[in-house]
Every structure is written in structure tokens, then in C-alpha cells.
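Subject: Structure for you to look at

Hello,

Here is the structure I promised. Please open it beside this email and follow along.

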Amino acid sequence: MKKENLLEHKIEIHIAAQPEYLCVARSAVRKAAQLAGLPERHVDHVTLALEEALTNSIRHGYGGPCSETIIIKIRKLLPCDKKAGGLEIIVRDFGRQVDPACIKSRNLDNIKPGGLGVHIIHSLMDETEYSCPADGGMQVRMVKYLVASNLEPQQHAI
Amino acid sequence: MTAAKDNPDGVVQKVRRQSGVIILDLAGDVDLHCATGLRSRLIEIMNEKPPLAVINLSRVDFMDSSGLATLIEALQLSRRFGGQLRLAGIHERVRSIFEIARLDTIFQIFNTEAEALA
């Protein structure tokens, strides 16, 4: 856990891995992003990134819709040292684990349905980190800063 | 011209036929929840082999990669029989996913339905 910018988690949502509940999570993160002071365009970005992370949990983590749980944690990050404030979103499932090193964007030159979620998340968020919690499942941590961070950017600005 | 209430409970609000062109009106959030139904509907439409199909997205507020995948599949189906698939009325919020996936140059995208039909 990084020391900088820490705040206790303010919002935690548990949803069943059902597509019909994605809109609930989207609404929550949209509002949280607005409250964190993100510009509207970036509010749209984090909402889409969350959606893609949840979709990945449902499809790949659990192999499809089911009654298992996905946890979404949202917290506002305060400015600290060289980092701007922003919004952190963590999506946690308890399904299949994969090596985070294997989670990569696919070749976009190959026009085909599917496989865009990872690329979309990386493109929209300032930080993306996949991990395998000790008690199973996958976790993705995504951060959107209020201003461009001083870190090496993972993706271009949209 | 035929106007029919196609699926009032889903994103497919209306399917219209106009001089051999099929116009599909979508509305709401095009996400994983509705993607399966939308995909089925698009396949049905493409099975008619319309020379031109226009998907009106002016009332779509959100689209994720699942929604995008259904459009890509429809585009591929249309190309197989030499038809055209055009998108119309994409809002800025929805347009970004096309840009991120570099599909904004693959799809024919028009500001309005009228421009797409011209």
C-alpha cells in the first residue's frame, strides 16, 4: 500500500457479478468522480474504465454472470508531495487468478469484436495495477489524477 | 416507411425501413447487460442484407466495449455481403471509446441521421 495520498476508504460497494448491476456501480463512481473534482470528461473516463474492469471480472474472473461478489472501492486522493489529488478505484473479484504480467492490450490493428477492455482501462486511467490477492481472485487498482501526474504516463491523453 | 416499437425495454427503441435502408434507433446505455440482445437484433437485421443500415446513436448515453463489439460484428457482417453500416449522432461522451479503440476511422460516422442517409 502506497503511503502517499492515503485516505481511509470512503465508498465500498458490493455487487453480484450480474450485468444488470453495472449501471449501479457506474452511477456511484460517476458521482464520486464529480465530488472529487474531476472534470466532466474525466468523469466519463473513470466511469468507462470501471465498467470495463467490472466486465472483465464478470467475463474472465467468474466466467460469466453469477451470484458471486465483486467489490468496488472508491476513494478520493489528496495532493501529496509531487502527486496531485484524484480518485482511486479498486475492483476486486474472487474468481480465476491470472498472472498480471499476462494482462495486456491486444493488437488494435486486428479489427474484431472483444478484447478491448484492458486497452481502454490503460488508455483512460493514469495508473493501472493488477494483482492477485492472497485469498484468491483478481484486483485492479486504477487512479485518475486531477492534473497530469509526474509519473511516466501509461497512456496518452484523450 | 415503416415505424415500429421494437423493444421498449431494451436499447433498441425502433427499427425503421426507408427506401431499402434500415435505420436502427438505439437509446440509453449500451453495455454488457444489453449487448446480447442487441447483438441478436443486429444479426437479424444483417440477415436481411440491407444495402445500407444506419444506427442512430443520438440517444445513447453510454457505451462500453461490449456494445462496441456488437457494432464491430455488425460491420463485419455488412461487409461480407457488400452492404454499408453507418453510425449517426454519436455524442462526445460515447465517441471517445471509438477513438480509444481506433475505430473512429473504421466506421463511417456522421453527425446526423440525415447526413448518414444522404
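Below is what was found, chain by chain and then at the contact.

First, the ground rules. This is a predicted model: local features need pLDDT of at least 70, side-chain atom pairs count only at pLDDT 80 or more, and totals for chains, interfaces and linings use all residues. Residues are numbered from 1 along each chain as its sequence is written, and chains are lettered from A and ligands numbered from 1 in the order in which they are written.

Start with confidence in chain A. The average pLDDT (the predictor's confidence in each residue, from 0 to 100) is 87. At least 70 is reached by 87% of the residues. Residues 149–158 of chain A fall below 50. That stretch still has 16 contacts in the model beyond near neighbours in sequence. Where pLDDT is low, the predicted coordinates should not be read in detail.

Next, helix α2 of chain A, residues 40–61. Helices are DSSP runs of H or I, at least four residues, numbered from the N terminus. The expected span is 1.5 Å times one less than the number of residues. A:Gly63 follows α2(A), with a positive phi near 75 degrees.

Now find A:Ile121 in helix α3 (residues 117–124) of chain A. A:Ile121 counts as buried because it has 28 C-beta neighbours inside 10 Å. Leaving out residues up to four places away in sequence, A:Ile121 touches A:Ala49, A:Glu52, A:Ala53, A:Thr128 and A:Met142. Touching, or contact, means C-beta atoms within 7 Å, placed from the backbone.

Over to chain B. How do α1(B) and α2(B) run relative to each other? The axes of α1 (residues 32–47) and α2 (residues 65–80) of chain B come within 8 Å and cross at roughly 10 degrees. The two helices are therefore roughly parallel (angles under 35 degrees). Among the residues that meet are B:Leu38 and B:Leu42 in α1(B), and B:Ala74 and B:Leu77 in α2(B).

Last, the contact between the chains. Chain B brings 19 residues and chain A brings 20. On the side of chain B, α2(B) gives the most, with six residues.

Best wishes

Conventions
Axes are lines fitted to C-alpha atoms, for helices over the stretch in contact, and angles run from 0 to 180 degrees between N-to-C directions. Angles under 35 degrees count as roughly parallel, over 145 as roughly antiparallel, 65 to 115 as roughly perpendicular and the rest as oblique. Two residues are in contact if their C-beta atoms, placed from the backbone, lie within 7 Å. A residue is buried if 20 or more other C-beta atoms lie within 10 Å of its own, exposed if 12 or fewer, and partly exposed in between; C-beta atoms are placed from the backbone.
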